[in-house]
Structure formats: C-alpha cells, structure tokens
Amino acid sequence: MADMMFALGQTKKKKNEENKVRQTKSSLKEVNITDTIEKEIRKEQHSREQKWKATGRDQIKKNTNFDMARSLFGGGAAPAQHDDEEEEDDEVEQAAEDVKRLAVDDEEEADEGEYEEEEYEEEE
C-alpha cells in the first residue's frame with residue numbers, strides 16, 4: 001500500500017506540473033509580438049542572403065553558357081559593326097605615325113647588320 005501512496009503522490013505532482021505548462025502556453029499564445037530592432041535586422045540579413053544565393057545561381061547559369069574558344073579567339077560573336085573596323089584602321093594609322101615620329105632609320109640598322117657580318121667573317 002505504501003507503494004501505491006508513493007505512486008499517487010508522484011502522479012499528483014506530475015499533473016500539477018502539466019497544468020502549469022498548459023497555463024503558461026495558453027497565456028503566451030495571447031502575447032502579441034511587435035516589430036523589434038532584432039526582427040528588422042534579421043529580415044535585412046535574410047533578404048541579403050537570398051539575393052546572394054540568387055546571384056550565385058544566376059552566375060552558374062551564365063557559366064554554363066560560356067564558350068572558351070569564342071572568348072579567346074572571337075569566333076561566333078556578333079557580327080562586327082562597320083564603326084569598329086574604322087576605329088581599328090584609325091588605330092593602325094596612329095601607330096604608323098608614332099613609328100615615323102621616332103625617326104628610326106632603316107638604312108643605319110641595315111649597315112650595322114652588314115658590319116656585324118663582316119666582323120664574323122674576319123674572325124673565322
């Protein structure tokens with residue numbers, strides 16, 4: 001019988017604890033949570049992470065469409081416009097004018113080359 005009393009006492013305590021838990025939960029359900037600074041910060045962090053993940057997914061999609069050969073050698077790209085060709089011609093002409101301004105004399109270089117050949121022949 002002592003065992004039964006012990007068991008009944010424990011059951012009573014357990015029921016009291018469960019009732020307290022139920023009352024606490026029901027009272028917390030009625031609490032209204034208002035906007036807090038922490039909530040705003042978490043929203044901002046969440047949206048930033050979502051944008052970062054979306055950017056990563058988009059980058060993967062862009063990388064799958066990448067063609068190394070076309071990138072390196074320029075094949076298969078959109079047709080070049082006429083303006084680009086004119087700009088390239090202008091750049092070539094500008095480079096030629098720059099070389100002329102350097103006043104490099106081709107004849108002097110040719111003479112120097114012959115002199116080096118003569119020295120080599122004399123040494124043999």
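This is a predicted model: local features need pLDDT of at least 70, side-chain atom pairs count only at pLDDT 80 or more; totals for chains, interfaces and linings use all residues.
**Exercise 1.** Find out how many salt bridges the structure holds, and which residue pairs with arginine 22.

*Solution.* Start with the general idea: side chains of opposite charge can pair when their charged atoms come close. To count as a salt bridge, a side-chain nitrogen of Lys or Arg has to sit within 4 Å of a carboxyl oxygen of Asp or Glu. The structure holds two of these. Now look at arginine 22: its partner is glutamate 18, and the closest N and O atoms are 3.8 Å apart. Arginine 22 counts as exposed because its relative accessibility is 52%, with exposed meaning over 50%. Glutamate 18 has 34%, so it is partly exposed.

**Exercise 2.** Work out which residue forms a salt bridge with glutamate 38, and where the two lie.

*Solution.* Glutamate 38 pairs with arginine 42, and their closest N and O atoms are 3.9 Å apart. Both sit in helix H2 (residues 37-64). As for exposure, both glutamate 38 and arginine 42 are exposed.

**Exercise 3.** Decide whether leucine 72 is buried or exposed, and name the patch residues.

*Solution.* Leucine 72 is in helix H3 (residues 68-73). Its relative accessibility is 58%, so leucine 72 counts as exposed. Together with Phe66, Met68 and Phe73, Leu72 makes a nonpolar surface patch of about 510 Å².

Note on methods: Residues are numbered from 1 along each chain as its sequence is written. Side-chain values use heavy atoms; hydrogens and water are left out. Patches are made of residues with over 30% relative accessible area and no salt bridge: like charges are joined within 9 Å, nonpolar side chains (Val, Leu, Ile, Met, Phe, Trp, Tyr) within 5 Å. Accessible areas come from the Shrake-Rupley method with a 1.4 Å probe; for residues, only the protein chains shown count as cover. Helices (H or I, at least four residues) and strands (E, at least two) are DSSP runs, numbered from the N terminus. Buried means under 20% relative accessible area, exposed over 50%, partly exposed in between (1.4 Å probe, protein chains only).
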